[in-house]
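Here is a short walk through one protein model. Keep the sequence and the structure in view as you read.

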Amino acid sequence: MPIRLENVGIAVRDIDATIAFFTDLGLEVTGRDTISGDWADTAVGLDGNHARIAVLQTPDGRGQLELFEYIHPDAIETEPTLPNEIGMHRVAFSVDDIDASLEIAARHGCHPLRGVANYQDVYRLAYVRGPSGIIVMLAQDLTRG
């Protein structure tokens, strides 16, 4: 049976700020909605599920994020995920210019966890703490000219 990745879903504190961060990095909003009802309760497993959602897509059309901001039940605040914790780890993007991407992230108050690493002169990469504590990996392929 064929399988394909549909999207990565991320609960966020402020959907508009998170959309601004990802669209400034180059993703495109493909849809926004407010969802609720029996189907949403059943699909997600929460009674009274009511959320604002947005779907963002990479310019190549191959990757999507679904962001959701809960209206009901209340969102549960957690500590930001650490790179070595079990569970949702990070979302990664290839970028043409990591320095330019980090400047964009910095305008949103988002900075590398430690710095920019060079992996065997193949990639320059950094983990950035994004909105709502999301870990975002940015990677520039140094072999592309």
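Buried means under 20% relative accessible area, exposed means over 50%, and partly exposed lies in between (1.4 Å probe, protein chains only). Helices (H or I, at least four residues) and strands (E, at least two) are DSSP runs numbered from the N terminus. This is a predicted model: local features need pLDDT of at least 70, side-chain atom pairs count only at pLDDT 80 or more, and totals for chains, interfaces and linings use all residues. Residues are numbered from 1 along each chain as its sequence is written, and side-chain values use heavy atoms, with hydrogens and water left out.

Start with helix 1, residues 15–25. Its buried residues are I15, T18, I19, F21, F22 and L25. Seen down the helix axis, they fall within an arc of 160°, so they line one face of helix 1. The arc is taken from the directions from the helix axis to the C-beta atoms. An α-helix has 3.6 residues a turn, so residues three or four places apart point the same way.

What do the buried residues of helix 1 pack against? Their partners are strand 2 (28–36), strand 3 (50–57), strand 4, strand 5 (91–94), helix 3 (98–107) and strand 8 (135–141). Contact here means heavy atoms within 4.5 Å. At the start of helix 1, a side-chain oxygen of D14 comes within 3.1 Å of the backbone nitrogen of D16. After the helix comes G26, with a positive phi near 125°.

Now the interior. A nonpolar core is a set of buried Ala, Val, Leu, Ile, Met, Phe, Trp, Tyr and Cys residues joined through side-chain atoms within 4.5 Å. The largest one has 25 residues, and F22, F93, V136 and L138 touch the most other members. Helix 1 gives this core its largest share, five residues. Leaving aside neighbours within four places in sequence, F93 contacts F22, L27, T58, L65, V136, M137, L138 and A139. A second, separate core has five residues, including I35, A51, I53 and F68.

D41 sits in helix 2 (residues 38–44). D41 is buried yet has no salt bridge, and the nearest side chain of opposite charge, R52, is 15 Å away. A salt bridge needs a side-chain nitrogen of Lys or Arg within 4 Å of a carboxyl oxygen of Asp or Glu. For charge, Lys and Arg count as positive and Asp and Glu as negative; His and the chain ends are not counted. A polar atom of the D41 side chain lies 2.8 Å from the backbone nitrogen of N49. E69 lies in strand 4 (residues 64–72) and is buried, with a relative accessible area of 13%.

Methods
A polar contact is a pair of N or O atoms within 3.5 Å; within protein, one must be able to donate a hydrogen and the other to accept it, and residues adjacent in sequence count only if both atoms are side-chain atoms.
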